[in-house]
Amino acid sequence: MQTLDATFSALADPTRRAILMHLAKKDLTVMELTKPFQMSQPAISKHLKILEEAGLITTTRRAQERPRRLQTAPLKEAVDWMEKYRQMWETRYQALDGLLDELQRIQPKGVKKK
């Protein structure tokens with residue numbers, strides 16, 4: 001559950017979500033990630049540290065560069081967790097739809113529908 005908490009905490013920030021979107025396209029260095037944002041390199045580095053601690057990214061080595069790479073396993077875990085609740089609510093909505101259909105069928109003829 002700690003991994004899931006860390007994932008949702010990291011995803012709570014729009015800048016970190018945007019960073020993940022950029023990393024979904026390709027591995028990028030800190031300097032490359034700084035370009036699309038109006039933030040300093042240290043500010044981006046702080047966001048990257050949080051994403052790395054949550055397991056959402058890793059740092060690789062390429063010569064003297066250290067590009068960041070998206071890790072999808074924590075995202076899949078979060079999606080799987082949400083899917084269980086989506087299925088539960090879908091079942092409940094279907095039951096409610098069935099009840100509403102039944103109520104409309106048994107509604108007296110003289111009562112106008114709104």
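Biologist: In what order do the elements of the protein run from the N terminus on?

Modeller: This is a predicted model. The protein holds five helices and two strands. Read from the N terminus on, the order is α-α-α-α-β-β-α.

Biologist: What radius of gyration does the protein have, against that of a compact globule of 114 residues?

Modeller: Along its principal axes, the C-alpha trace spans about 80 × 30 × 20 Å. A compact globule of 114 residues would come out near 13 Å in radius of gyration. For the protein the value is 23 Å.

Biologist: What share of the residues in the protein is buried?

Modeller: A residue counts as buried when its relative accessible area is under 20%. The protein exposes about 8700 Å², and carbon and sulfur atoms supply 56% of that area. Of the 114 residues, the buried share is 25%.

Biologist: Among contacts between residues at least 6 apart in sequence, what share joins residues at least 24 apart?

Modeller: Contact here means heavy atoms within 4.5 Å. The contacts considered join residues at least 6 apart in sequence, and those that join residues at least 24 apart make up 47%.

Biologist: How far apart are the mean positions of the positive and negative charges?

Modeller: The protein has 21 positive and 14 negative charges.

Biologist: Which domain does UniProt list for residues 1-90?

Modeller: In the model, residues 1-90 are 64% helix and 7% strand. The end C-alpha atoms of that span lie 24 Å apart. The UniProt entry is unreviewed, and the name it lists for the span is "HTH arsR-type".

Biologist: Is Ile19 buried or exposed?

Modeller: Ile19 lies in helix α2. Leaving aside neighbours within four places in sequence, Ile19 is in contact with Leu33, Phe37, Ile44, His47, Leu48 and Leu51. Its relative accessible area is 0%, and the cut-off is under 20%, so Ile19 is buried.

Biologist: How far is Ile19 from Leu96, C-alpha to C-alpha?

Modeller: Ile19 and Leu96 are 77 residues apart in sequence. In space, C-alpha to C-alpha, the distance is 40 Å.

Biologist: Which residues is Glu52 in contact with, leaving aside neighbours within four places in sequence?

Modeller: Arg68 is 16 residues from Glu52 in sequence, and their C-alpha atoms are 9.0 Å apart in space. The contacts of Glu52 outside its sequence neighbours are Ile57, Thr58 and Thr59.

Biologist: What is the phi of Ala63?

Modeller: Most residues other than glycine have a negative phi. Ala63 is a residue other than glycine with a positive value, and its phi is near 55°.

Biologist: Where does Ala63 lie?

Modeller: Ala63 is exposed, with a relative accessible area of 77%. Strand β1 covers 57-59 and strand β2 covers 68-70. Ala63 lies between β1 and β2, in the loop.

Note on methods. Residues are numbered from 1 along each chain as its sequence is written. This is a predicted model: local features need pLDDT of at least 70, side-chain atom pairs count only at pLDDT 80 or more; totals for chains, interfaces and linings use all residues. Side-chain values use heavy atoms; hydrogens and water are left out. Helices (H or I, at least four residues) and strands (E, at least two) are DSSP runs, numbered from the N terminus. The radius of gyration is taken over C-alpha atoms; the globule rule is 2.2 Å times the number of residues to the power 0.38. Buried means under 20% relative accessible area, exposed over 50%, partly exposed in between (1.4 Å probe, protein chains only). Accessible areas come from the Shrake-Rupley method with a 1.4 Å probe; for residues, only the protein chains shown count as cover. Lys and Arg count as positive and Asp and Glu as negative; His and the chain ends are not counted. The place of a charge is taken as NZ of Lys, CZ of Arg, CG of Asp or CD of Glu. UniProt positions are given in the numbering used here, feature names are shortened, and annotations may be inferred rather than shown by experiment.
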